[in-house]
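Q: Some labels in a structural description rest on cut-offs. Please set the values against the definitions and conclude.

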Amino acid sequence: MTEPDPELPAEEDVPAPPALLHGAPVTASRGQTVVHADPSSYLDVVRALYDDGYGMCVDLCGVDRLLAPAVDLPAGVEPGRFEVVVNLVSIDDRRRVRLRVQVPEVDARVPTLFELHPGTEAMEREVYDFFGIVFDGHPDLSRILMPDDWEGHPLRKDYAVGRIPVQFKGTPPPR
Amino acid sequence: MGLEDLNHNFLTGRIEDLVKWARRNSVWPATFGLACCAIEMMATGAAHFDLARFGMEVFRASPRQADLMIVAGRVSQKMAPVLRQVYDQMMEPKWVISMGVCASSGGMFNNYAIVQGVDQVVPVDVYAPGCPPGPETLMHAILTLHELIRTGEITRRRRATGVGAGVSTERRVAVATPR
Amino acid sequence: MTDVATPTRPATGLAALRNPDAVLRAPHLPEDVDRQPTDDDTMIVNMGPQHPSTHGVLRVMLELRGEAVLRAKPVIGYLHTGMEKTGEDLTYLQGPTNVTRMDYLAPLFNELVFSLATEQLLGADVPPRATWIRMLMCELNRISSHSLWMATNGMDLGALSMMIYGIRERESVLAFFEKVTGLRMNHNYIRPGGVAADLPAGWRDDVLRIIDAYPARLADYDRLLTGQPIWHQRTEGIGYITAEECIALGVTGPILRSTGVPWDLRRDSPYLAYEEVEFAVVTGTYGDTFDRYAIRLNEIRESIGIVRQILDKLPKGDYRVQDKKVTPPPRGRIDESMEALIHHFKIFTEGFKVPEGEVYVAVESPRGELGCYLVSDGSAKPYRIHMRAPSFVNLQALPHMMTGGLIADAVAVISTLDPVMGEVDR
């Protein structure tokens with residue numbers, strides 16, 4: 001673990017986030033509010049945030065936590081193999097919130113946000129393409145960036161980068 | 001192809017020079033701009049670095065009407081069959097310039113997604129390095145190609161081996177004989 | 001200005017966004033779509049990926065009845081480079097080299113958002129001069145990106161001379177970039193901690209020469225394009241979209257602003273020093289192609305105004321953070337000091353370590369909200385880097401904008417979305 005950085009704001013200066021937001025625990029990450037949900041409560045939390053005014057989903061991506069399990073989770077949240085990270089924006093209030101959902105390795109399924117935020121269609125396809133996480137209820141969950149007949153999910157940590165050997169180039173990275 | 005097979009006399013020699021002069025001075029590139037190199041290719045065709053002085057400002061969208069394919073940018077796995085299809089649709093004589101390091105060798109992207117050099121897919125005549133190569137580099141590559149056409153070296157190699165010409169012989173990859 | 005033409009697509013609202021049949025999707029395509037025509041009188045025609053007007057390798061499948069577009073499906077992935085996977089193998093100092101090639105028309109923005117995310121994880125304080133230099137370079141990059149957009153948009157809609165003019169304008173900015181960063185494109189200039197090098201001597205005159213020449217030429221292009229009735233007919237009412245649809249789809253940037261929503265991250269969640277400069281957020285009224293053209297033209301003017309203010313206010317000081325563990329030492333010191341040599345070696349081979357955590361930072365690129373979600377595991381290389389590319393999300397508006405138009409309007413719609421396939425496919 002690295003020693004605490006003296007340039008980060010001290011704990012007391014960052015306003016403490018509410019402990020629970022619509023039933024999901026909340027933490028702060030470098031001054032940004034992060035809500036942690038599990039796959040069963042995920043859609044309800046997003047719907048509640050939508051009613052709160054977070055009307056635009058700007059980003060939905062996946063993270064494979066195989067080699068570095070999450071350590072900044074609040075008590076009661078079990079880390080999963082994958083994470084689905086959703087960034088929401090409230091245009092009227094100019095606020096942002098981030099949602100992190102822990103997804104298990106076996107039966108990696110979460111509900112789709114397509115009904116609420118149609119813009120997540122392409123983002124969820126990308127997450128499916130790269131991680132293999134299935135989004136229930138998605139209108140067309142197919143590969144979007146890789147060829148349709150590609151095998152494997154490239155951004156998983158157990159999928160190699162696929163580099164070819166090049167003369168005089170250094171050894172592969174330690175990871 | 002064509003004229004080189006004739007028994008050479010003074011007249012056919014002159015005609016051959018005329019044909020080579022004509023081919024060299026009106027090479028029409030096909031639009032195959034993929035990524036950042038495409039922008040530099042557009043800049044080379046625009047006013048500051050004018051390609052029109054070489055007779056090449058006409059970028060043909062249809063490969064049937066094009067002589068030269070400047071593969072400008074990184075070729076992904078999904079794009080490689082498209083690249084081959086467009087190359088196959090071009091009429092002989094045709095040439096390929098591999099513009100940029102991504103097209104020449106995969107560039108800085110040595111990974112699962114990028115074809116490590118378009119010469120795995122099409123035969124390349126001139127490689128232009130750079131990331132992206134500035135317009136001056138691309139023009140130098142084009143002028144090198146013009147020189148190869150002028151001396152007839154390209155067509156001589158093709159007849160000798162039956163394969164698309166390549167500037168470096170070690171990296172010759174067995175590809176389908178051009179029609 | 002005359003009355004705007006009736007939009008070619010009736011405003012069907014949010015119901016169309018959620019209707020699975022409103023957009024051509026893979027389940028709708030017959031199995032051998034490339035071989036057999038469909039039984040009814042519609043035709044599915046392929047546009048791209050190699051096409052002069054698709055702004056790169058974008059493939060659009062159009063369901064046509066005659067020349068009218070019923071539905072459309074954008075197919076992407078022809079430029080997928082695996083940059084997010086490659087980014088996990090490169091150190092934070094090499095990171096900007098990788099991400100800068102995503103949006104290759106506005107490369108400094110990619111570097112900026114990556115550097116801001118890294119600095120937020122590091123907790124580093126970037127010196128003011130570096131911040132203002134970043135702002136100057138980014139606004140000049142916005143000018144060059146919008147100039148190139150005007151060039152390609154003009155060419156797509158038939159104003160071929162606009163291509164030459166737009167690239168000419170861009171060349172003047174690129175010459176300045178070459179002087180400062182060493183490269184015309186993909187500069188790798190904005191790095192975590194600051195910028196790579198200070199501005200060279202005489203930069204003030206160079207910038208003044210650029211921005212003094214612009215307004216008169218912009219007025220010329222305004223007259224060339226906006227003064228033409230053909231231009232109006234080809235852009236007014238085309239590519240119509242509403243504010244609700246934009247927000248539901250996550251569309252940002254000039255497209256969102258053309259519907260009347262004044263959402264600009266430089267104003268609404270300021271970064272760098274945008275709070276200290278004055279500029280107007282240009283919005284449209286009708287949400288059509290003409291509005292977006294007018295917005296981008298006026299954004300060039302606003303950026304010129306910002307650059308003028310930066311010229312007056314740029315502070316003196318360091319151009320990168322003076323933290324020996326993060327910033328490489330000046331080359332001259334390597335000969336004198338063993339410590340400098342060791343730091344140089346460690347930073348360039350192993351890289352500097354970034355504390356554990358995750359952060360999302362967003363900036364306003366010429367195409368919309370460009371975000372970087374960075375996850376660090378405490379090592380010298382990012383654990384996960386995800387770039388929220390504005391063009392990737394904006395492309396979802398393409399089917400809704402094309403419906404009901406003609407094929408010629410399809411070209412106008414692609415052009416007005418200003419997609420850069422490098423960032424769409426990453």
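Q: What stands opposite M43(C)?
A: In this predicted model, M43(C) faces L64(C) of β2(C). Strands here are DSSP runs of E of at least two residues, and helices are runs of H or I of at least four, numbered from the N terminus.

Q: How do you know that β1(C) and β2 of chain C pair?
A: Pairing requires at least two bridges found by DSSP between two strands. β1(C) and β2 (residues 59-65) of chain C have five bridges, in the antiparallel sense. Therefore they count as paired.

Q: What makes β1 and β3 of chain C edge strands?
A: β1 (43-47) and β3 (68-75) of chain C each pair on one side only. They belong to an open sheet of three strands in chain C, ordered β1-β2-β3 with antiparallel pairing. The twist from one strand to the next averages 25 degrees. Strands in a sheet pair through backbone hydrogen bonds, parallel or antiparallel.

Q: On what basis are the model's features and numbering given?
A: As the model is predicted, local features need pLDDT of at least 70 and side-chain atom pairs count only at pLDDT 80 or more, while totals for chains, interfaces and linings use all residues. Residues are numbered from 1 along each chain as its sequence is written, and chains are lettered from A and ligands numbered from 1 in the order in which they are written.

Q: Why is α5(C) called roughly antiparallel to α6(C)?
A: Their packing angle is about 165 degrees, and the axes are 7 Å apart. Angles run from 0 to 180 degrees between N-to-C directions, with axes fitted to C-alpha atoms, for helices over the stretch in contact. Under 35 degrees is roughly parallel, over 145 roughly antiparallel, 65 to 115 roughly perpendicular, and the rest oblique. So α5(C) is roughly antiparallel to α6(C).

Q: What is the handedness of the crossing of α5(C) and α6(C)?
A: The crossing is left-handed. That term applies if the near helix is turned anticlockwise from the far one by less than a right angle; clockwise gives right-handed.

Q: Which residues of α5(C) and α6(C) meet, and what is their class?
A: Contact needs C-beta atoms, placed from the backbone, within 7 Å. Among the residues from α5(C) are L140(C), I143(C) and L148(C). Those from α6(C) include L160(C), Y165(C) and F176(C). The contact has 14 nonpolar, five polar and two charged residues. Nonpolar covers Ala, Val, Leu, Ile, Met, Phe, Trp, Tyr, Cys and Pro; charged covers Asp, Glu, Lys and Arg; the others, Gly among them, are polar.

Q: How are α4(C) and α5(C) packed?
A: Helix α4 (residues 107-122) and helix α5 (residues 128-156) of chain C pack at about 145 degrees, with axes 8 Å apart. α4(C) contributes L108(C), F109(C) and L112(C). α5(C) contributes R134(C), M137(C), C138(C) and N141(C). The contact holds five nonpolar residues, one polar and one charged.

Q: Why is N188(C) called buried?
A: Burial needs 20 or more other C-beta atoms within 10 Å of a residue's own; 12 or fewer means exposed, and in between is partly exposed. N188(C) has 21, so N188(C) is buried. Its phi is near 55 degrees, positive in a residue other than glycine. N188(C) lies in the loop between α6 and β4 (190-191) of chain C.

Q: What makes R426(C) count as buried?
A: R426(C) has 27 C-beta neighbours inside 10 Å, and therefore counts as buried. R426(C) also has a positive phi, about 45 degrees, although it is not a glycine. The residue lies in the segment after α18 (421-425) of chain C.

Q: Where is the cis peptide bond from C131(B) to P132(B), and what is its omega?
A: Omega is near -10 degrees. P132(B) is in the loop between β4 (126-128) and α5 (135-151) of chain B.

Q: How many residues form the contact of chain A with chain C?
A: Chain A gives 39 residues and chain C gives 47. β4(A) gives the most on the side of chain A, with six. That side has 21 nonpolar, eight polar and ten charged residues.

Q: How many residues form the contact of chain C with chain B?
A: Chain C gives 27 residues and chain B gives 29. α6(C) gives the most on the side of chain C, with five.

Methods
Two residues are in contact if their C-beta atoms, placed from the backbone, lie within 7 Å.
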